[in-house]
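Here is a short report to read beside the sequence and the model.

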Amino acid sequence: MRTIETDVLVIGAGAAGLCAALAAAPRRVLVVSAADPRVASSTALAQGGIAAPLGEGDSVEAQMADTLAAGCYSSDRRAALRVIRAAGEAVDYLCELGVPFDRGPRGWQLHREAGHSRARVLHARGDRTGAAILAALLAAAEGAEHIERLYGVAVTMLREGAAERICGAWGTDAEGHAVRIEARDTVIATGGVGRLFPFTTNGAAALGDGLAMALGHGARVAGLEFIQFHPTALATGEDPVPLLTEALRGAGAVLHDQAGERFMLGLHPLAELAPRDVVARAVWTRRLRGEAVWLDATAVFRGEHAEAFPAALETCRAHGIDPAREPIPVTAAAHYHMGGIVVDVLGRTARAGLWACGEVACTGMHGANRLASNSLLEAIVCGRTLGRSLAREHDPMRRIRTRTQEESPPQLVHDEAHVQRLRAILGRCMGPLRHGRELEQGMQELDALGAQLAPGASVARRRLDLALAMVRAALTRRESRGAHWREDYPERDPARDAS
Ligand SMILES: Cc1cc2nc3c(=O)[nH]c(=O)nc-3n(C[C@H](O)[C@H](O)[C@H](O)COP(=O)(O)OP(=O)(O)OC[C@H]3O[C@@H](n4cnc5c(N)ncnc54)[C@H](O)[C@@H]3O)c2cc1C
């Protein structure tokens with residue numbers, strides 16, 4: 001067993017974790033990631049971009065209005081305002097780090113995505129924005145003296161020290177050896193939960209482990225039922241399913257059913273640019289009936305915007321599809337978690353010594369449904385805020401006891417069969433269309449799965465507990481709101497609107 005001591009432990013090396021680590025100087029930070037973040041983070045996969053009110057005639061108020069409308073009267077206004085107000089500064093910061101945001105002859109090249117009342121989404125290297133942002137943050141972290149990086153260690157359990165303070169974590173390295181990390185402060189930045197669904201755009205690391213650990217240690221969580229499904233993932237049956245960015249629809253791509261009807265026209269005034277939950281449900285309904293749904297982007301790929309979507313073009317071609325000539329088969333897929341670990345304005349959780357940022361955290365900004373491209377923005381702004389808060393607590397003289405009384409490494413086995421069973425159950429009951437009957441059934445199936453777990457299977461148990469908490473949250477929310485759609489309660493309950 002290896003023991004590592006650090007001042008601050010950041011678990012996760014996506015946009016949120018790296019921004020927190022960079023801003024925490026001069027504190028000594030260890031950034032741990034289960035795998036190289038270039039292949040195992042949602043940040044690396046992000047296509048569409050980062051939303052910021054930088055266009056002519058745009059304003060913080062306008063982005064706020066779109067954010068609140070998409071969030072379906074559930075967003076925390078103050079949290080949303082804090083993040084959107086900081087958008088310009090976040091973009092400046094990324095530019096300083098060298099992110100090559102696309103520009104046109106008249107300034108920023110801004111794209112329009114669903115739920116946005118105007119074009120305001122910045123791209124970098126076309127639809128490879130996330131990879132460009134990640135590359136810049138990783139380069140900055142490599143050059144930062146206060147940061148050490150440890151990739152290939154999956155964190156499996158938090159450690160609790162004196163006065164019930166969280167003081168680091170247990171992990172396991174690629175050879176299966178236990179690693180004990182002692183830290184004064186611990187930041188969870190492990191991303192989302194998409195991987196708990198059988199149909200997802202999220203990569204292998206998005207198993208919700210950070211959220212599950214925090215839940216297991218009594219941190220407050222909220223909004224667990226709010227899972228966003230992306231309406232246009234390539235319907236190839238792959239795992240994960242490749243995403244076709246919403247900006248394609250912003251540039252003019254349209255959805256057809258198998259009869260060739262542009263079904264979104266009759267469903268929402270914004271048609272294909274309606275909020276994601278509306279489009280995803282329309283796509284999913286048809287897929288459940290066994291029908292194919294097509295994204296017709298021929299006009300985009302034949303037109304002047306074609307070069308703005310190199311990743312989408314490459315994905316289509318890799319699947320034998322020429323998007324300039326033929327429509328693309330699409331499906332809805334689990335994509336983003338609005339809920340998570342409840343944090344305050346600084347990123348503190350309810351547990352001393354434990355912080356969270358990025359997709360794993362719940363600031364309340366997204367409410368019941370995230371507005372497209374607001375998540376990278378939130379990860380960057382909140383990651384930096386959190387890091388600065390840690391920096392303010394810098395005290396080189398202070399030593400704290402991070403050793404706990406008695407500890408032994410947790411059972412470190414990743415049980416793939418267990419994960420696949422969880423995915424199957426959540427896929428049946430927690431998809432874009434939910435029903436109390438199926439949620440009840442899901443709870444029973446999860447209980448039965450729990451009864452089969454060997455004592456001490458701590459990682460599997462925590463994942464199961466998280467799945468149970470998600471289904472329970474969906475079951476107790478007896479209304480339809482944003483991404484949470486109950487066929488047995490199809491109306492929104494105004495009593496549950498945010499004040
Ligand atoms: C295909 C796709 C496209 C997207 N497009 C956009 C977009 O255009 N605009 C936008 O705003 N948002 C987009 N999103 C969402 C956005 O990318 C994410 O919400 C955001 O990047 C999350 O950043 P993060 O730092 O919180 O987590 P991530 O970037 O997911 O990073 C999580 C980190 O935690 C590590 N980790 C996880 N579990 C463990 C563990 N147990 N131990 C150690 N390390 C662990 C991972 O390996 C990784 O390093 C997209 C998401 C996907 C999947």
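In which loop does Ala-163 lie? Ala-163 sits in the loop between β9 and β10 (166-172). The model is a predicted one. Ala-163 is not a glycine, yet its phi is positive, about 55 degrees. Ala-163 is exposed because 10 other C-beta atoms lie within 10 Å, and a residue with 12 or fewer counts as exposed.

Ala-271 also has a positive phi, near 50 degrees, and is a residue other than glycine. Its place is the loop between β14 (254-256) and α9 (276-288). Ala-271 has 17 C-beta neighbours inside 10 Å, so it counts as partly exposed.

## Two cis peptide bonds

Which residues does a cis peptide bond with omega of about 10 degrees join? They are Ala-25 and Pro-26. Pro-26 belongs to the loop between α1 and β2.

A cis bond also runs from Asp-239 to Pro-240. Here omega is near 0 degrees. Pro-240 is in the loop between β13 and α8 (247-250).

Strand β16 covers residues 328-337. Is β16 mostly covered or mostly uncovered? It is mostly covered, with nine of its ten residues buried.

Strand β13 (residues 227-234) pairs with β16 in the antiparallel sense, over six bridges. Strand β15 (residues 293-296) also runs antiparallel to β16, and three bridges join them. Val-330 of β16 is the bridge partner of Leu-234. Val-330 is also the bridge partner of Val-293.

## A three-stranded open sheet

Three strands make up an open sheet with mixed pairing. Their order is β12-β17-β19. The edge strands are β12 (221-222) and β19 (361-362), each of which pairs on one side only.

How do β12 and β17 pair, parallel or antiparallel? They pair in the antiparallel sense, over two bridges. Strand β17 spans residues 340-342. Within it, Ile-341 is the bridge partner of Val-221.

## The nonpolar core

How many residues has the largest nonpolar core? It has 160. Val-187, Ile-341 and Cys-357 have the most contacts inside it.

Leaving out residues up to four places away in sequence, Val-187 touches several stretches of the chain. Among its contacts are Val-8, Leu-9, Val-10 and Ile-11. Gly-17 and Ala-20 are also included.

## Around the ligand

Which residues are closest to the ligand? They are Gly-12, Gly-14, Gly-48, Gly-191 and Gly-358. In total, 45 residues surround the ligand. By type, the shell divides into 22 nonpolar, 21 polar and two charged residues.

Several helices and strands each supply at least two shell residues. The helices are α1 (15-23), α2 (42-45), α6 (129-143), α7 (209-216) and α12 (374-392). The strands are β2 (29-33) and β9 (154-160). The largest share, four residues, comes from α12.

## A buried glycine

Gly-126 lies in the loop between β7 (121-122) and α6. Why does Gly-126 count as buried? It counts as buried because it has 23 C-beta neighbours inside 10 Å, and the cut-off is 20 or more.

Beyond residues up to four places away in sequence, Gly-126 touches Asp-102, Glu-307, Ala-308, Phe-309, Pro-310 and Ala-311. Gly-126 and Phe-101 are 25 residues apart in sequence. In space, their C-alpha atoms are 8.6 Å apart.

## Domains

The protein is divided into three parts: domain 1 (2-225 + 338-392), domain 2 (234-332) and domain 3 (416-496). How far apart do the C-alpha centres of domain 1 and domain 2 lie? The distance is 28 Å.

Domain 1 puts 20 residues in contact with 21 residues of domain 2. On the domain 1 side, those residues are five nonpolar, eleven polar and four charged.

Conventions: Residues numbered from 1 in each chain as written. Predicted model: local features only at pLDDT ≥ 70, side-chain atom pairs only at ≥ 80, totals over all residues. Domains from an automatic or database assignment. Contact = placed C-beta atoms within 7 Å. Nonpolar A, V, L, I, M, F, W, Y, C, P; charged D, E, K, R; others polar. Core = buried A, V, L, I, M, F, W, Y, C linked by C-beta atoms within 7 Å. Near = placed C-beta within 6 Å. Pairing = 2+ DSSP bridges.
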